[in-house]
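Here are my notes on the entry.

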Amino acid sequence: MDVSVLVPVYNTAAYLNQCLASIAHSSLSMEIICLNDGSTDESLEVMQHAAKRDTRIAIIDKDNEGYGATLNKGLAIAQGRYIAIIEPDDYLEGDMLSALFELAGKNDFPDVVKSAYWQVDDSGSQKSHCSYWGRIKTVGEPIQIEEAPLLLRYHPSIWSAIYRREFLIESGITFVEASGAGWADNPFLIETMFKAKSIVYTDDSFYCYRDGRIGSSTASIGDYRVPFDRWNEMTDIL
């Protein structure tokens, strides 16, 4: 199997159909693992209807544990050569997964294949390039993070990439298990980028990230200790 797509779902029923439909058109050999983290809206029903239309969709329905613990369950059961993470309130334009997997094949299957992405408003009607688009000089060739440090400077966009599953296993990379979203993407970004022996980057943009959506995990901080906890963990990784 080429790619395992992990979709961690919590109360995003309004966006989930668009998200899953944008993944499903990929021509790759793939599985789409939807991880329902105790949603209290209609998210589970949306996933179940999607799974009837596409046999590649598998649903893991479980109690609420938070973003990191949920994705770790997905990592534990994924079978693909590469792992992709797609947020349930975002969507893809074009076949990102096929394009990144093709780029991986052209470069001897590196640890990480990373792309630029689009920042979109809640309706998706306005979009702009991400902050590092056009600023990474080593495009389409294997590098290490020292050659493209701008990938670390801006938003921890772990979802605009695919990760070689054996690299994650051999490096012991998992998500921090904190309550809620817990900013668990930040340590994952640092650990994957610094432990990767080969990263291939492309300026092609496929992923549409809803920036500043009301109700999203980034819209507010409930506990101001959380970013400091993640900062300490990232320092430990470094």
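1. Leaving aside residues up to four places away in sequence, Asp 185 touches Pro 156 and Ile 158 (contact: heavy atoms within 4.5 Å). Asp 185 belongs to helix α7, residues 185-195 (helices are DSSP runs of H or I, at least four residues, numbered from the N terminus). Its relative accessible area is 17%, so Asp 185 is buried (buried: under 20% relative accessible area; exposed: over 50%; partly exposed: in between; 1.4 Å probe, protein chains only).

2. This is a predicted model, in which local features need pLDDT of at least 70 and side-chain atom pairs count only at pLDDT 80 or more, while totals for chains, interfaces and linings use all residues. Residues are numbered from 1 along each chain as its sequence is written, and side-chain values use heavy atoms, with hydrogens and water left out.

3. Eight salt bridges are found in a search of the whole structure (a side-chain nitrogen of Lys or Arg within 4 Å of a carboxyl oxygen of Asp or Glu). Glu 191 is buried at 13%; Lys 195 is partly exposed at 34%.

4. Salt bridges with shared partners join Asp 37, Lys 62, Glu 65 and Lys 73 into one network. Within it, Lys 73 and Glu 65 meet at 3.1 Å, N to O. Lys 73 is partly exposed, at 36% relative accessibility, as is Glu 65, at 34%.

5. Helix α4 (residues 96-106) holds both Glu 102 and Lys 106, whose side chains meet in a salt bridge of 3.4 Å, N to O. Glu 102 is partly exposed at 47%, whereas Lys 106 is exposed at 63%.

Definitions and conventions: Helices (H or I, at least four residues) and strands (E, at least two) are DSSP runs, numbered from the N terminus.
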